[in-house]
Amino acid sequence: MPQPFSPSGPLMSPRAVYVDAPGQVRVAEMAPREPGPGEALVRVAWAGICGSDLEVVAGTRPAPYVSYPVTPGHEWSGTVDSVGPDVAPGLVGKKVVGEGFRSCLRCDACRSGDTNLCVSGYAETGFTDPGAWAGYLTLPARLLHVLPDAADLRAAAALEPAACVAAACLKIAVQPGERVAVVGAGTLGLLATQLLAAVYPGALTVIDRRAEREPLARLCGATHFTTHPTDSGARYDAVLEAAGGTATARLAIGLVRRGGRAVLTGIPAGPADPISPSDLVLDQITVHTVFGAPSRAWTYAVRAFAAGALNPAPLMSREFPLEEVSMALQALRDGDSVKVLLRP
């Protein structure tokens with residue numbers, strides 16, 4: 001008689017967070033799904049919480065970008081427990097992180113490398129497919145990125161937001177010696193600061209209204225920090241916006257020198273702050289935008305992490321067991337923490 005599937009290792013009644021509908025959050029036992037052809041089962045080590053997860057819980061995420069009920073968790077790290085047919089057995093036991101977008105790999109966008117812009121319909125781990133706020137996660141093995149054996153899985157849980165800002169860094173292509181600014185000293189901004197510092201800009205200014213973020217920004221590689229960016233009249237070759245507020249996009253573009261470039265990563269809530277097309281044209285400013293991360297940005301972030309140029313560990317503020325997910329969500333809402341983690 002066929003035996004029911006169970007993952008390897010000690011069994012401790014794996015659990016998962018379920019958001020059945022906006023505002024309806026519960027923790028219950030889960031049954032890990034056996035990996036099918038081309039899939040892997042990962043034992044989750046750490047899972048991060050970000051603003052988009054708060055939207056899922058609150059019900060404010062746009063309808064096309066979430067499917068209830070859902071187990072959230074798109075930021076995570078773990079170890080491969082088992083693999084399905086057509087997956088190399090050597091992957092078992094490897095420390096990994098994984099891309100979120102379930103792209104088709106066949107459309108023009110995917111074939112050109114923009115897997116985050118797949119036109120075959122939106123599907124993403126933690127939003128439309130079960131995520132990592134759980135003991136185990138089953139996903140296509142092609143989405144996995146293998147980490148060094150000695151990798152710190154706690155720090156690696158932030159490689160998803162790191163991949164997003166890596167996409168932004170690749171867009172603005174900062175050269176050594178350039179003057180660069182980062183708007184926002186949250187998780188995205190501080191990870192971006194580390195990646196930008198690795199290319200040796202001439203000056204790297206972090207801008208945030210919270211003066212208490214200055215020590216952490218400087219630890220991440222900032223040469224300057226300011227809460228009043230317009231007072232000095234400084235202009236920059238490149239500006240990366242990572243705050244996502246209604247006014248920060250306009251601020252970022254206003255800080256770019258004539259002929260410079262900006263990249264916007266935030267998705268503001270509320271009414272937009274208009275940007276003048278004439279200002280963009282007259283100053284010949286190039287504006288890039290980023291939504292998620294294509295595979296090449298993941299590769300960039302993972303390599304930077306493996307080489308020691310990217311270290312998310314100082315950003316980890318608080319951690320909670322899965323059963324205390326409500327406390328973890330509130331810790332992020334309070335705004336005092338940079339990165340809040342769950343440990344399934």
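Gly100, Phe101, Glu124, Glu160, Cys164, Gly292, Ala293 and Trp298 line the largest cavity of this predicted model. A cavity is a set of points, on a 1 Å grid over the protein atoms alone, where a 1.4 Å probe fits but cannot get out, and lining residues have an atom within 4 Å of a point. The largest cavity holds about 40 Å³ of space, where a volume is the space filled by probe spheres set on the points, with grid points joined across faces, edges and corners. The structure has 1 cavity of 30 Å³ or more.

Residues are numbered from 1 along each chain as its sequence is written. Local features need pLDDT of at least 70 and side-chain atom pairs count only at pLDDT 80 or more, while totals for chains, interfaces and linings use all residues; side-chain values use heavy atoms, with hydrogens and water left out.

Helices here are DSSP runs (H or I, at least four residues), numbered from the N terminus. α4 and α9 (residues 295-307) pack at an angle of about 110°, with their axes 8 Å apart; axes are lines fitted to C-alpha atoms over the stretch in contact, and angles run from 0 to 180 degrees between N-to-C directions. That makes α4 roughly perpendicular to α9, a term for angles of 65 to 115 degrees.

A pocket is an open set of points with protein on both sides within 12 Å along at least five of seven lines. About 1600 Å³ of space lies in the largest pocket. Its lining has 50 residues, with Gly51, Ser52, Leu188, Ala243 and Gly244 nearest the centre. The largest share of the lining, 4 residues, comes from α1.

The axes of α1 and α10 come within 11 Å and cross at roughly 120°. That makes α1 oblique to α10. Gly51, Leu54 and Val57 in α1 meet Leu329, Leu332 and Arg333 in α10.

Methods
Helix = DSSP H or I, 4+ residues; strand = E, 2+ residues; numbered from the N terminus. Parallel < 35°, antiparallel > 145°, perpendicular 65-115°, else oblique. Contact = heavy atoms within 4.5 Å.
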